[in-house]
Amino acid sequence: MIQFMLLFNKQGKVRLQKWYTAYKGEQKKKIRSDLTTAILSRKTGMCAFLEYKDLKIVYKKYASLYFCCAIEENDNELICLETIHRYVELLDKTFECVCELDIIFNYEKCYFILDEFLLAGEMQETSKKQVLKVIKAQDELQEEETSQGLFEAHDLG
């Protein structure tokens, strides 16, 4: 089970974080600081797995972003890497070549995609097509509500 997921850039700025296990605010801050420092200091050819306290950290770099997950000691690192890759693929399909700015300016959508994909730290849907279908339906619903609101505001004026 994934304990938490962090997305951060080369400067160590966290762009997205999802916690599936309860941690206090100071603990989260310490974990973010420790992991960004440890991962950013690693050389390119090094393994994408680390041990952190009683967790295994699995990370992957895509462009300028690091996708980092913490899993339990007995979990499979390769499945976690595949989970990270699948999330990146979903983001890529949604934003057509996702970049850091897409995540910054559309963080609600990024969380929505993550929530459709993972539930309580476990993969809930393995089919990219199915997740993308739900995302598309949500986008259409949101567009409909937005245009409805514009019409109602225009009618009042």
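Predicted model: local features only at pLDDT ≥ 70, side-chain atom pairs only at ≥ 80, totals over all residues.
Two strands pair if DSSP finds at least two bridges between them.

Start with β1 and β2. Strand β1 covers residues 2-9, and it pairs with β2 in the antiparallel sense over five bridges. Which residue of β2 is the bridge partner of Phe-8? That is Val-14. Four residues sit between the two strands, which form a hairpin. In that turn, look at Gly-12, with its positive phi of about 90°.

Now step back to the whole chain. The secondary structure comes to five helices and seven strands. Read along the sequence, the pattern is β-β-α-β-β-β-α-α-α-β-β-α. The C-alpha trace spans about 60 × 30 × 30 Å along its principal axes. There are 157 residues, and 33% of them count as buried. Take the contacts between residues at least 6 apart in sequence: 48% of these join residues at least 24 apart.

Not counting residues up to four places away in sequence, Tyr-23 touches Gln-3, Phe-4, Lys-28, Ile-31 and Leu-55. Thr-36 is 13 residues from Tyr-23 in sequence. In space the two are 17 Å apart, C-alpha to C-alpha.

Strand β3 is residues 49-52, and strand β4 is residues 55-62. The two run antiparallel, joined by four bridges. Tyr-52 stands opposite Leu-55 in β4. Two residues lie between the strands of this hairpin, and Lys-53 takes a positive phi near 55°.

What about the faces of β3? In a regular strand the side chains alternate between the two faces of the sheet. In β3, Leu-50 and Tyr-52 make up the covered face. Phe-49 and Glu-51 make up the uncovered one.

Back to the backbone angles. Most residues other than glycine have a negative phi. Ala-63 is not a glycine, yet its phi is positive, about 55°. Ala-63 lies in the loop between β4 and β5 (65-72). With a relative accessible area of 67%, Ala-63 is exposed. Glu-96 is not a glycine either, and has a positive phi of about 50°. The loop that holds Glu-96 runs between α2 (77-95) and α3 (100-105). Glu-96 counts as exposed, at 68% relative accessibility.

Last topic: helix packing. Two packed helices are described by the angle between their axes and the distance between the axes. Here the pair is α2 and α4, the latter being residues 107-117. Their axes come within 11 Å and cross at roughly 135°. Therefore α2 is oblique to α4. The crossing is right-handed. From α2, the contact is made by Thr-83, Arg-86, Tyr-87, Leu-90, Leu-91, Thr-94 and Phe-95. From α4 come Lys-109, Cys-110, Ile-113, Leu-114 and Phe-117. How do the residues of this contact divide? Eight are nonpolar, two polar and two charged.

Conventions:
Residues numbered from 1 in each chain as written. Heavy atoms only, no water. Contact = heavy atoms within 4.5 Å. Buried < 20%, exposed > 50% of the residue type's maximum accessible area, 1.4 Å probe, protein only. Axes fitted to C-alpha atoms, helices over the stretch in contact; angles between N-to-C directions. Parallel < 35°, antiparallel > 145°, perpendicular 65-115°, else oblique. Left-handed = near helix turned anticlockwise from the far one by under 90°. Nonpolar A, V, L, I, M, F, W, Y, C, P; charged D, E, K, R; others polar.
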